[in-house]
Amino acid sequence: MKSIGLRALHSLLLLVGASVLSILLVRLAPGDYFESMRINPQISNRTIAALRSQYGLDKPLPVLYWHWAQSALKGEGGFSFAYNSAAGPILWPRAQNTLLLAGCATLLAWMIALPAGVLAAARRGSWADLLASGTIALLLAIPELVLGLVLLLFAVHTGFPAGGMISAARAEAGFWDKSRDVIRHLFMPAVCLAAGLLPLLLSHVRAAMEEALRSPFILAARGFGISFRRVLLRHALPAALNPIISLFGLSVGLLMSSSLLVEAIFGWPGLGKLMLQAIADRDLFLVIDSTMLGTGFLIAGNFVADILLYLCDPRIRAD
Amino acid sequence: MRPVPLLEACDLRKAYPRGRRKRIIVLDDVSVSLYPGSILALVGRSGSGKSTLARCMALLEKPDNGEIRICGLAVTNLSGGELRQVRPRVQLVWQHSALALNPRFRVVDLIAEPLRIQGIVSKSRRREQALAAMSKLGLPEAVANRTPLQLSGGQRQRVAIARALVQRPEVIILDEALSGLDIPLQAQIAAILMQLKASFSLSYLFISHDLRMAASLADRIAVMDEGKIVESQPVRDLLAQPQSKAARQILNSIPAGPIQ
Amino acid sequence: MAFVQSPKLPLVALATVYGIVTMAGFFAPYDYERQNRHTALAPPTRIHFVEPNSRFRLRPFVYRWKLRPGTLHQYEEDHSIAFPLRFFASGRPYKIAALIPSWIHLFGTRPEGNVFLLGTDEYGRDVFSRLLYGGRISLFAGLLAAGISVSLGLAAGVFAGYYGSWIDETIMRAAELFLAVPWLYLLLAVRAFLPLRMDPAGVFLLLIAIAGTIGWARPARLVRGVVLSARNREYVLAAKSFGASDFYILRTHILPQAYSVAMTQARLYIPQYITAEVVLSFFGLGVGEPVPSWGNMLDSLQSLFVLESCWWMYAPAALLVIVLLIFEWFFRAESSRFQAR
């Protein structure tokens, strides 16, 4: 239990460190960042001046950090110039959308990668294995940008809605109608995201299973006459869980970056799309907050993986 | 009058922390003296602290307490340039030369390395001296351009000794340098070591768990057990009448047969 | 297949690609800025060998595109004049490697004619030429960024691994921090606070610097591991016993190994950084108009019409995939050769 507590503390410290890094970036911004904000007609000079003093934008770094941290803890995270409101209320729904997209994509990717990887490892050299290798090689070479554009084309051709989360017409419809609509909009971006994740997952699952199947105790189990399927699922798979769970932790980070890209291409209103817009709008706090949230998800993913490892791997518990 | 020991360890103490609170005492008030022109053997079980002692005496590790003296001069706290001047006088040869020789280098460069570090710039001069050292160890010139992994174990050990030799040391500490080689090879290299001792007035600190080999080479034997020197006598005396339990155990574990 | 195993072949292929984009001025018939507003979004020029009267001509020729009356983007060939293709033709001047002026292009035609091998974009600029110039940006940005990040990682890893204690702790914690932020978020965050509009040269350097500094953490960790294990080897201790200084030990015994790990890493990173530049430019945060990069060329595809009807605009994507495939081929060949040893 103590080690989990330590791990949680470590994750928290990492988060704080990332926040310091982000604020540091603000401080490093050359002067004309604020000049370009002035150019935006939506923001009055008085607003800028007021916010500058309120958040200590031109004060020394610790002051700025302190103000921002206070605001963040209140759930606001500073002020959005473009939306003319506190940053928090804008971020949360977007974060939820990203989680929805990323979650579905993760589920989809794992649902394919896990059985496929196990099968490919179990039957080395068979068509399943070769198919896996081919898929991995192909998908690895195609960057997500290209994949996204191709899928976008495909979506347009097949009449899948691509762009946004909900069709305007359905905005007022009932829950089930809305959900169906969201799912239709969700489909393509989720497939794209999953396809980007798939080669990594598939190759690692297969490698982990192959490694597990080579270990002596598996051979012993076979020697005892236990059926291959049983050996595979009851003995090899749990042994391969350790690297697979670590893989999950690793994939969360890549997922965040990839989802940013996918959101941009498909117009899914998530955190990534918000960040891009905030950059264009010179919306300082939204940029920092989006970065922090993305980091937060990555750290949370790793933490969850650590907990799962602790629960699933007796060797770690014994330490 | 007693001659001044060439290399001397006085009341060395060294401990390693283990975990949070415990400490393992590796050297416990160890004192050892090596006189010029003599061979001192240091025997003991593995884990008794021999290698740590070897490293301290070769000035590769600092003891927590105590002193190392070369010809009466305290050298334990030297550093920088002064230490570098003293270093060539005491050299250490390890058991596993495969690890002590950088596998990417050629033999001739490995042997010449100390010269290079000392600042002998001329490549041809370094090569000359390296080849000279090689021939004294009985290594054919053909070996010069090979890498350590292309050599046999015995050849590698000889390369390591040649490298130690090239700096004209006064003391060579051999830390299990012959262990792991097959018996005829051990005998061969031991013979070479004796020749070198004569030609270059060397003194040896011969560390081994093999009492037979140690006894055949050395003048004196010191027995180490759990970080302490429990006995130190001329060879004949120790073999005839071992005083310590550790010495007796080692003697008893040797299969019967004459020890020369 | 034995020849597939040799890493020399993909290496040659990569060198060729890089060579071609370096000599973009020569291979491209036009520069990247020249606009032809009357032939915007035109399909690739068709190359003919047979005249309308079925006469075969050895030298290929092309026709101009003419806008079909009453349409915005539909073209038909203007058969009134045939423009023969010229090879090693004189054309717009350019500079080889930005130094030596030249005006010979691989192919071209009379100024009144147009040979758009890959059609034109929405401003009527030749896509083929922009592809080559854009490739120069994307491919070299990736190369240089990988170089910078690995160099920084090498330095950090060597310091951390060799000197240990607080230096090691600090560097490793910093690395952990940089790795805790998703890479694209970090890249964008850093880019966000720098001026949006910079001259193309400035942006290019900027890109390289950013991507480079963000990617130091992973190589640093790897190098540190190698250095740690090398530092404790007995041959390092032996060198110390000969009186070697830290500097000597680092230079002679530790750096070569650290360096070879770093080189392996660098090779893996180049395709990733190329992709990163393309993504950044795609968002409009990289090299700006009118300088092409494969990323900002792909940005045009965000318009529905272009996405659906202008297949030639996918060229940068196709080329990117091809280059990445060649890199992948190179890695496989390298690693299989390593295993075979």
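Just after helix α1 of chain B comes B:Leu59, and B:Leu59 takes a positive phi of about 60°. Keep in mind that this is a predicted model.

Back up to the helix itself. Helix α1 of chain B runs over residues 50-57 and is mostly covered, with six of its eight residues buried. Which ones are they? The buried residues of α1(B) are B:Lys50, B:Thr52, B:Leu53, B:Ala54, B:Cys56 and B:Met57. Note that a lysine, B:Lys50, is in that list.

Next, a residue in chain C. C:His253 sits in helix α10 of chain C, which spans residues 246-282. Is C:His253 buried or exposed? Its relative accessibility is 1%, and the cut-off for buried is under 20%, so C:His253 counts as buried.

What does C:His253 touch? Leaving out residues up to four places away in sequence, the contacts in chain B are B:Asn102, B:Phe105 and B:Glu113. In chain C, they are C:Tyr235, C:Val236, C:Ala239 and C:Tyr248. With B:Glu113 there is also a polar contact, side chain to side chain, at 2.6 Å.

Last, chain A as a whole. Chain A has 319 residues, and 48% of them count as buried. Its secondary structure comes to 13 helices and two strands. Take the contacts in chain A with a separation of 6 or more: 73% of them are between residues 24 or more positions apart.

Conventions: Residues are numbered from 1 along each chain as its sequence is written. Chains are lettered from A and ligands numbered from 1 in the order in which they are written. This is a predicted model: local features need pLDDT of at least 70, side-chain atom pairs count only at pLDDT 80 or more; totals for chains, interfaces and linings use all residues. Side-chain values use heavy atoms; hydrogens and water are left out. Helices (H or I, at least four residues) and strands (E, at least two) are DSSP runs, numbered from the N terminus. Buried means under 20% relative accessible area, exposed over 50%, partly exposed in between (1.4 Å probe, protein chains only). Contact means heavy atoms within 4.5 Å. A polar contact is a pair of N or O atoms within 3.5 Å; within protein, one must be able to donate a hydrogen and the other to accept it, and residues adjacent in sequence count only if both atoms are side-chain atoms.
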